[in-house]
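The following report describes one protein chain for a reader who is new to structural analysis. Please view the sequence and the structure before reading on.

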Amino acid sequence: MSKPEIARTLAATDFILYRDGGKASEFEIFTKYGSGTLPSGVNNVVVSDAAVKTTSKILVTPTATLSGQIFVNTIVNGVSFKVNSTATDGTAVTFNYVIAN
């Protein structure tokens with residue numbers, strides 16, 4: 001089975017991606033997503049989400065221009081993950097996330 005072409009526009013609540021070099025039987029399904037906010041003057045926030053695993057890949061995307069970076073560095077299996085920011089301007093940062101299990 002050949003790999004599907006990537007669409008130019010994606011609008012879905014569940015979507016499927018191949019593992020790197022994988023076969024059709026090795027689909028990964030990304031089914032959990034959400035959003036959060038780092039309040040003004042705060043450099044990290046814990047996001048509670050039971051879907052997260054220590055092996056999860058978490059994609060975090062700011063929803064506006066950011067003076068630094070945001071990243072995940074702590075995951076508690078089945079409980080939560082921590083989003084951190086290197087921004088130094090003190091403004092609130094809203095972000096979206098996708099948990100890939």
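## Strands, core and an aromatic pair

Ser80 lies in strand S7; strands (E, at least two residues) and helices (H or I, at least four) are DSSP runs, numbered from the N terminus. The model is predicted, so local features need pLDDT of at least 70 and side-chain atom pairs count only at pLDDT 80 or more, while totals for chains, interfaces and linings use all residues. Residues are numbered from 1 along each chain as its sequence is written, and side-chain values use heavy atoms, with hydrogens and water left out.

Is Ser80 buried or exposed? Ser80 is buried, because its relative accessible area is 8%; buried means under 20%, exposed over 50%, and partly exposed in between, with a 1.4 Å probe and protein chains only. Apart from its neighbours within four places in sequence, Ser80 is in contact (heavy atoms within 4.5 Å) with Val46, Val47, Ser48, Asp49, Val52, Thr74 and Ile75.

The chain as a whole contains eight strands and zero helices. Of its 101 residues, 27% are buried. Among contacts with a separation of 6 or more, 58% are between residues 24 or more positions apart.

A nonpolar core is a set of buried Ala, Val, Leu, Ile, Met, Phe, Trp, Tyr and Cys residues joined through side-chain atoms within 4.5 Å. The largest such core has 15 residues, and those with the most contacts inside it are Ile70, Phe81, Val83, Phe95 and Tyr97. Two or more residues each come from strand S4 (44–48), strand S5 (57–62), S7 and S8. S8 gives the largest share, four residues.

How many aromatic pairs does a search of the whole structure find? The search finds one. Phe81 and Tyr97 form this pair, which is edge-to-face, with 5.1 Å centre to centre and 75° between the planes. Rings of Phe, Tyr and Trp (its six-membered ring) pair if their centres lie within 6.5 Å; planes under 30 degrees apart count as stacked, over 60 as edge-to-face and the rest as tilted. The pair links distant parts of the chain, since Phe81 is in strand S7 (residues 80–85) and Tyr97 in strand S8 (residues 93–100), 16 residues apart.

| Residue | Relative accessible area | Class |
|---|---|---|
| Phe81 | 1% | buried |
| Tyr97 | 7% | buried |
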